[in-house]
Amino acid sequence: MELLLRLYFLQQWFGLADEAWEDAVYDSQAFRGFLGLDLGRAAVPDATTLLKFRHRLETSGLTTTLFDTINAMLRERGLLMTKGTLVDATLIAAPAATKNQARARDPEMGHTRKGQPYYFGAKAHIGVDAESGLVHSTTTTAAKVADITATANLLHGEEAAVFADAGYTGAEKRQELKDQDVKWYIATKRSKITALPEGQAQALCKQIERLKAQARSRIEHVFHLIKDRFHYRKLRYQGLKKNGAQHEVLFALANLIIAKKA
């Protein structure tokens, strides 16, 4: 079981397909060292065994248990605080191919527009501890779901302040959030700032927005980890449940790297 879990972590860290990790293990001395075995081909579970193991993690909710257990360990060591929460979401594109039995794209995904281009896929929403930069909550939705809709699922209820970008404007007025006893630091839309007359008022407003942006910047480090270091830039599986389970594992592993730096 430990060997399978270590193999699964290697797959997530290096963005390997279910069949690709097997060759990577035999080609890398570092991988064999991490697995703790002097590996011959017979010693490594095959791709089918790892696939069944992954399905077991997804269907039994063990990825949530893994995420919660790692966070509990970090909290015990004083690394995960409760004073403030940063919230944001990132788009993960879904494959455009329709070479499947239904001859269609994943029906659980959705389209959204960011700037000029349109995107098809899902959103990974996260709540991050403002002090340590560790992820304490995550949820996955179709790309078309507005960022603000998932806000309630990203708060743990003990924070005193919430930081968010302009996409969360009006969050404090939503039915599920209006009773939250927190101070909201939401970025002001750029159009409102440029509409101010040039002078002291506009300069002060820009300075306040810079301070808000500095506080929110920690959350971008998490997205950098999973997209650039874990090579996670495209959805690998079909359905929100499977991809949401993978997101829980990815952010749990990202927390370990962030905590190691601390």
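A residue counts as buried when its relative accessible area is under 20%, as exposed when it is over 50%, and as partly exposed in between (1.4 Å probe, protein chains only). By that rule, buried residues make up 45% of the 262 residues in the protein chain. This is a predicted model, where local features need pLDDT of at least 70 and side-chain atom pairs count only at pLDDT 80 or more, while totals for chains, interfaces and linings use all residues. Residues are numbered from 1 along each chain as its sequence is written, and side-chain values use heavy atoms, with hydrogens and water left out.

Start with the whole chain. The protein chain has eight helices and six strands. Helices (H or I, at least four residues) and strands (E, at least two) are DSSP runs, numbered from the N terminus. Along the sequence, the pattern reads α-α-α-α-α-β-β-β-β-β-β-α-α-α. The C-alpha trace spans about 70 × 50 × 30 Å along its principal axes.

Next, contacts. A contact means heavy atoms within 4.5 Å. Take the contacts between residues at least 6 apart in sequence: 65% of them join residues at least 24 apart.

Now look at two helices. Two packed helices are described by the angle between their axes and the distance between the axes. The axes of helix α4 (residues 47–60) and helix α8 (residues 240–261) come within 9 Å and cross at roughly 100 degrees. Therefore α4 is roughly perpendicular to α8, a label that covers angles of 65 to 115 degrees. Axes here are lines fitted to C-alpha atoms, for helices over the stretch in contact, and angles run from 0 to 180 degrees between N-to-C directions. From α4, the residues H55, E58 and T59 make the contact; from α8, K241, K242 and A245 do.

Move to a strand. F120 sits in strand β3 (residues 118–129). Is F120 buried or exposed? F120 has a relative accessible area of 11%, so F120 is buried. Leaving out residues up to four places away in sequence, F120 touches several others, including I92, P95, R105 and M109. R105 is 15 residues from F120 in sequence, and their C-alpha atoms are 9.4 Å apart in space.

Finish in a loop. H231 lies between α7 (200–229) and α8. The relative accessible area of H231 is 49%, so H231 is partly exposed. The backbone of H231 also deserves a look. Phi of H231 is near 60 degrees, a positive value in a residue other than glycine.

Definitions and conventions. Angles under 35 degrees count as roughly parallel, over 145 as roughly antiparallel, 65 to 115 as roughly perpendicular and the rest as oblique.
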